[in-house]
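Please look over the sequence and the model together before reading on. The report below is meant to be read with both in view.

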Amino acid sequence: MAIVSLKRFWIAVSKENEEKLVSLLKDYSLVHWEDLSPEESSLDSEFSVIINKLEEIIKLLFKIFPEKRGFLEGFFGGRPEISKEELEKLRKEVNWEDLYKKAKNIERSLILLEEKEKFLQTLYEETLYWEDLDESLDFSRNLKRFLFYSGSFLKENFEKFKEESREILDRGWIKYWEKEKQIKCIFIVLKEDKDKIENLLQKYKFEFHRIPYLRGKPSENIERIKKYFEKLRKELEETLESAKELYDKKHNLLAWYDYFYIKSQEKNFKNFSFDSKYFVVYSGWIPTKIKEKFVNELKEKLGDFVWEEREPLPEEEPPVLLENPKIFKPFEFLTKLYGLPPYRALDPTPFTAPFYLLFFGICVGDFGYGLLLLLFSLWIKKKFKPEGSAKELMDLLSVLSIPSIIVGIITWSFFGNQIFLGPDGKFLGVLPIINPSVDLIKALSIALLIGIVSQFYALILRFISSWKKRDYESALFDALLWIIFLGSILFYVYSRFQNISSLGLIRYLLVLSLIGLILTQGREYKGIVRIIVGLISIYGILGGYGITSFIGDILSYSRLFALNLVSSIFGFVITQLSEMVGNIPFLGWILFSIIWIAGQLLNFILSVLGAFVHSTRLQFLEIFGRFYSSGGRNFKTFKIDGKYFKLKESR
């Protein structure tokens, strides 16, 4: 349980053996490959062209037939699993080039239909505006001596316009009529009156409306356009029917996409190599414990090759691969969330997982909610088969449900209620072992005690981590001295309350550790400044730690008790509210069920979210912040897999 020990290796083979080597290496999923190519890697153009074409078809189909995914499926849904044989079968059932041509035809038809529909819609609206005009619309608008205008005035503006433009209109012609508080009009004026009439049109807010150039009256054209719309609708239905036939082959297209996607990955694997005229070299990092097996496999399947290996150099920063027991494995999600440790540092996962279990368990602290969390996480994993981080989160929640159930039993909390308690406040004379809603001081004391223990634990981890990195000054001055100093203070205070008189050794430890801290906390400074900085650091204003930091961090743990209490009270209030409506005739049980189920679900979600956020905060700030520094790079394996399907066969 630690960061996996790695070796750097190089494999060199002749150019003739390259394909054989690549076919062996591409499936080896426990190797982190380093890019030796002097040029930047790029996707293979041969496959990328085909992949782009298939992506076009897939995007078109999803645009026409959008797939609705629920919130949970959208968040947790993984790719469907498929074997290589099933992928091949789907691929061979269709010819992707034929489907691509069909898709492009459908796309062109849809674009054309869309443009036609827009044009017809505009023409329809323009014609409909002049529906009352009992004239054929194919009259000439381009006159030699006159200008043509068509549009409308507000009724109150029209009379004033007519009065002011009387002389101009007398030399021209006008036709107008009233429709819905508007005066629609068509008129012509002499070109020499253009400036005058347009000033008046602007003054009286004339709205221009084009009269479409069509044969026949507006009413006749409206009926004609409606028939065109019907024709367009039928053409669209036929096109969508063709698209539906294409959509029915969606899985075949996805299989073709993944086929070329995998081919592209295989070909691009060669980009990792250093390529010369006669030989090719690959390099990477491999776990030390499987190195022999890997080399033996190469010998067996490859025969002639050159192998070179060595330990990581001090100036190198190898990738980080975590390896923890099954019970701690889900907690790697939190470590990755904070940031991977450097290769030579301490993996905090197994050391901090027990505290996180305790934090989360206390925050939720309810048998019902814990059981619900377990069932929910198991259902999500079975139903949606999540991958990557989503799967890691569900694995973590499954584990975290166990302490929630245990704390729920200890406090005898079931959906915020403590059922079947006797007159003595106990169930079977034992449970609850502790009742947070009654034993407030006791529950708060336990939370603060957990805080004290976790702070000393974090300082011990800091000592180990610094010692492992050979930073002996930090181990002794920033960890050991603080452990002795804070431990002495706590024991001194405890002794005073317990009337313990023999405190000689504690006093010496307290004084010596205090002097040690004053002399070392400002060690990057010289002279009197070093002493001043050391004194200030004791308080906690400067430096990484201090008495105020210690007290503040411990008080932060009171949130464990607070969240547990709030969750219990909220659950209890929901039950009380639902019972208040339970006695209403006929509808009582229905209202009771709705309020109770909806309220408890809300409390469950809030409790789990609150527990996750606050437990993570405690872990990241109050524990990780004391000893852990991230900065490692992820151990990335080269794994051949599809984009839309998850291949079942993998090593």
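## About the model

This is a predicted model, in which local features need pLDDT of at least 70 and side-chain atom pairs count only at pLDDT 80 or more, while totals for chains, interfaces and linings use all residues. Residues are numbered from 1 along each chain as its sequence is written, and side-chain values use heavy atoms, with hydrogens and water left out.

## Two packed helices

Two packed helices are described by the angle between their axes and the distance between the axes. Helices (H or I, at least four residues) and strands (E, at least two) are DSSP runs, numbered from the N terminus. Helix 13 (residues 349–364) packs against helix 22 (residues 588–627) at an angle of about 145 degrees, and their axes are 9 Å apart; here axes are lines fitted to C-alpha atoms, for helices over the stretch in contact, and angles run from 0 to 180 degrees between N-to-C directions.

Which residues make the contact between helix 13 and helix 22? On helix 13 they include Thr352, Phe355, Tyr356 and Phe359, and on helix 22 they include Ser607, Val608, Ala611 and Phe612, where contact means heavy atoms within 4.5 Å. By class, this contact has 13 nonpolar, 5 polar and no charged residues, with Ala, Val, Leu, Ile, Met, Phe, Trp, Tyr, Cys and Pro counted as nonpolar, Asp, Glu, Lys and Arg as charged, and the others, Gly among them, as polar.

## A pocket and a cavity

Rolling a probe the size of a water molecule over the atoms shows where empty space is left. On a 1 Å grid over the protein atoms alone, a cavity is a set of points where a 1.4 Å probe fits but cannot get out, and a pocket is an open set with protein on both sides within 12 Å along at least five of seven lines; lining residues have an atom within 4 Å of a point. Grid points are joined across faces, edges and corners, and a volume is the space filled by probe spheres set on the points.

The largest pocket has a volume of about 820 Å³, and of the 22 residues that line this pocket, the closest to its centre are Leu321, Lys329, Glu332, Lys336 and Glu392. Helix 15 gives the largest share of the lining, 5 residues, and the lining as a whole divides into 8 nonpolar, 5 polar and 9 charged residues. The largest cavity has a volume of about 30 Å³, and among the residues that line this cavity are Ala345, Lys469 and Phe627.

## Backbone features in loops

The peptide bond from leucine 431 to proline 432 is cis, with omega near -5 degrees, and proline 432 lies in the loop between helix 15 (388–410) and helix 16 (440–468). Phenylalanine 415 is found in the loop between helix 15 and helix 16, and has a positive phi of about 50 degrees although it is not a glycine.

Lysine 181, in the loop between strand 6 (173–179) and strand 7 (182–190), has a phi near 60 degrees, a positive value in a residue other than glycine. Is lysine 181 buried or exposed? Lysine 181 counts as exposed because its relative accessibility is 69%, whereas phenylalanine 415 counts as buried at 12%; buried means under 20% relative accessible area, exposed over 50%, and partly exposed in between (1.4 Å probe, protein chains only).

## Methionine 394

Methionine 394 has its place in helix 15 and is buried, with a relative accessible area of 1%. Leaving aside neighbours within four places in sequence, methionine 394 is in contact with Phe76, Ser377, Ile380, Lys381 and Pro386.
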